[in-house]
Amino acid sequence: MTRQRGVTIWLTGLSGAGKSTIARALEAKLREQGYALEVLDGDIVRTNLTKGLGFSREDRDENIRRIGFVSHLLTRNGVIVLVSAISPYREVRDEVRERIDDFVEVYVDAPLAVCESRDVKGLYKKARAGEIKQFTGIDDPYEAPLNPEVHCRTDQETLEESVAKVLSKLAALGYIDLPAAVA
């Protein structure tokens, strides 16, 4: 394999839409092909890199900026970065996109009712009961991307189809070799 190009693949969407699931499947496919990569999952980052930040708009924006900074460092050093984070506000996602030259936005889209039905942590239930405030999709907005490079509809396509869409786009943009894009 020749020297790989770094890229940040930013998976954004509501809690329960399938961001982490797609990221894990992408990780497995790309590692099979020998690519160097890192996964930055929003939940894991919050317990390590951004511990202490709350869920106000300012704290959420700072969380995304920090993830973006780490992604930028890795990307410029030739690493493929898979970011799985709700990142609800378009403005800060666009700010991160500006910082990272090689950036592919993946909108992981599922209707709120589907996301609630997949809620293994019970967060939507707690938000609906008023136990969690400022929960994205309930009492805090999610601003969908206007022009993502990839749009995955996880309520209408299989995991394999979503992964194949992302890999195909990465191959089309020259980040991975075409054989790696074969799902």
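**Pocket, core and rings**

Reply: The largest pocket has a volume of about 860 Å³. A pocket here is an open set of points on a 1 Å grid over the protein atoms alone, where a 1.4 Å probe fits, with protein on both sides within 12 Å along at least five of seven lines. The volume is the space filled by probe spheres set on the points. This is a predicted model: local features need pLDDT of at least 70, side-chain atom pairs count only at pLDDT 80 or more, and totals for chains, interfaces and linings use all residues. Residues are numbered from 1 along each chain as its sequence is written, and side-chain values use heavy atoms, with hydrogens and water left out.

Me: Switching to the core. How many residues has the largest nonpolar one?

Reply: It has 32, and Ile9, Ile80, Val106, Val166, Leu170 and Ile176 have the most contacts inside it. Such a core is a set of buried Ala, Val, Leu, Ile, Met, Phe, Trp, Tyr and Cys residues joined through side-chain atoms within 4.5 Å. Buried means under 20% relative accessible area, exposed over 50%, and partly exposed in between, with a 1.4 Å probe and protein chains only. Helix 7 gives the most to this core, five residues.

Me: What about a second core?

Reply: There's a separate one of 14 residues, including Leu40, Val81, Val92 and Val96.

Me: OK, rings. How many aromatic pairs are there?

Reply: Three. Rings of Phe, Tyr and Trp (its six-membered ring) pair if their centres lie within 6.5 Å; planes under 30 degrees apart are stacked, over 60 edge-to-face, the rest tilted.

Me: Why is the pair of tyrosine 107 and tyrosine 142 called stacked?

Reply: Their planes are at 20 degrees, so the pair counts as stacked, with centres 6.1 Å apart. Tyrosine 107 is in strand 4 and tyrosine 142 in the loop between helix 6 and strand 5, 35 residues apart.

Me: Is tyrosine 142 buried or exposed?

Reply: Buried, at 17% relative accessibility. Tyrosine 107 is buried too, at 12%.

Notes
Helices (H or I, at least four residues) and strands (E, at least two) are DSSP runs, numbered from the N terminus. On a 1 Å grid over the protein atoms alone, a cavity is a set of points where a 1.4 Å probe fits but cannot get out, and a pocket is an open set with protein on both sides within 12 Å along at least five of seven lines; lining residues have an atom within 4 Å of a point.
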